[in-house]
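Dear colleague,

Please find below the structure that I am handing over to you. I should be grateful if you would read the notes after it with the model open.

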Amino acid sequence: MVTPLHPTPNDVVYWEAKGNCSDKQQVYAKTTSYRYYNYTSGHIHHATIKRLKHDTEYIYELGKDNETRRFSFTTPPKVGPDVPYTFGIIGKYTPQYNWLEEELPKVNRAETPWLIVMVHSPWYNSNNYHFMEGETMRVMFESWFVKYKVDLVFSGHVHAYERSRRVSNVRYNITNGLSTPVSDASAPAYIVIGDGGNIEGLADNWHRNQDSEAFAADSTWFYNRHWCCDMNCLRRLGCPSYVEDDDMDLRIRISNP
């Protein structure tokens, strides 16, 4: 919640919409603000309200006199088999699983040659921060990304920049014991872009393999695999020789200055 002029009071007052208005509760809010070029934010009040009832509308307000601001929200229903929606569940036959299973085969690559996916937590991340927090989702969905030749996967969460080649880890099963990511021309490249815009600072504890070389930026071209599917095509376009890694195929440039 934001108040435009004054940072105080810092107490958020809340109550049940259908309850007794005299039975109000209070919770303390931490107040911050920020500047961006010539923009100055209002006073942002961060508060956590606990011990709320399920499926209940609440009213909350902050401020004083003519600055008082009032809002409302409804809490989610109690978890159970009959609720109309699901929160934070990754697994087979959840709404997310069913949607993605139906959506990926619908993509007409002649009309949509680039297939780009965005997720929150990275599936591949060498930074110690949030390491492998996306593993459950990767195990569930990565094989589909390989099957339907997703081009790029962007993620945030980790406050750093990192880019992989086209890799996959879909061969693992209990009989062959293979569980190491390998180069895979059908797989997407993974790009972590959680560095820009965050106010908490960079996550700087990662695997660095070029400390002996000075470089200013990451920059590479990705070539579309639908319209340009073989090396002869790349050569006709005059693409540079380094794309002959087989992992780049009409093209977009990814740069991180």
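This is a predicted model: local features need pLDDT of at least 70, side-chain atom pairs count only at pLDDT 80 or more; totals for chains, interfaces and linings use all residues.

Residues are numbered from 1 along each chain as its sequence is written, and side-chain values use heavy atoms, with hydrogens and water left out.

The protein chain contains 3 helices and 16 strands (DSSP runs numbered from the N terminus, H or I of at least four residues for helices and E of at least two for strands). Of its 257 residues, 33% are buried (under 20% relative accessible area, with exposed meaning over 50% and partly exposed in between, for a 1.4 Å probe and protein chains only). The accessible surface of the chain is about 17,200 Å², and carbon and sulfur atoms account for 52% of it (Shrake-Rupley method with a 1.4 Å probe; for residues, only the protein chains shown count as cover).

An open sheet of mixed pairing is formed by 5 strands in the order 10-11-14-12-13 (two strands pair if DSSP finds at least two bridges between them). Its edges are strand 10 (116-118) and strand 13 (182-183), each of which pairs on one side only. Strands 11 and 14 run parallel and are joined by 4 bridges; here Val153 stands opposite Tyr190 of strand 14. Strands 12 and 14 are also joined by 4 bridges, but run antiparallel, and Glu162 has Val192 in strand 14 as its bridge partner. Strand 12 is joined to strand 13 by 2 bridges, again antiparallel, with Ser168 opposite Val182. Strand 14 is largely enclosed by the rest of the structure, because 4 of its 5 residues are buried.

The helix across the sheet

Helix 2 (residues 135-147) lies across strand 10, strand 11 (152-155), strand 12 and strand 14 (189-193), at about 70 degrees to strand 12 (axes are lines fitted to C-alpha atoms, for helices over the stretch in contact, and angles run from 0 to 180 degrees between N-to-C directions). The buried residues of helix 2 are Met137, Arg138, Phe141, Glu142, Trp144, Phe145 and Val146. They pack against helix 1 (95-103) as well as strands 10, 11, 12 and 14 (contact means heavy atoms within 4.5 Å). At Phe141, helix 2 bends by about 50 degrees (the angle between axes fitted to the seven residues ending there and the seven starting there). Its 13 residues should span 18 Å at 1.5 Å a residue, and the end C-alpha atoms, 19 Å apart, agree with this (the expected span is 1.5 Å times one less than the number of residues). Just after helix 2, Lys149 has a positive phi of about 55 degrees.

Two single residues

Ser164 belongs to strand 12 (residues 161-168) and counts as buried because its relative accessibility is 17%. Leaving aside residues up to four places away in sequence, Ser164 touches Ala189 and Tyr190.

Lys24 sits in the loop between strand 2 (11-16) and strand 3 (25-28). Its relative accessibility of 39% is why Lys24 counts as partly exposed. Lys24 and Val13 are 11 residues apart in sequence, with their C-alpha atoms 6.5 Å apart in space. Not counting residues up to four places away in sequence, Lys24 touches Val13, Tyr14, Trp15 and Glu61.

Yours sincerely
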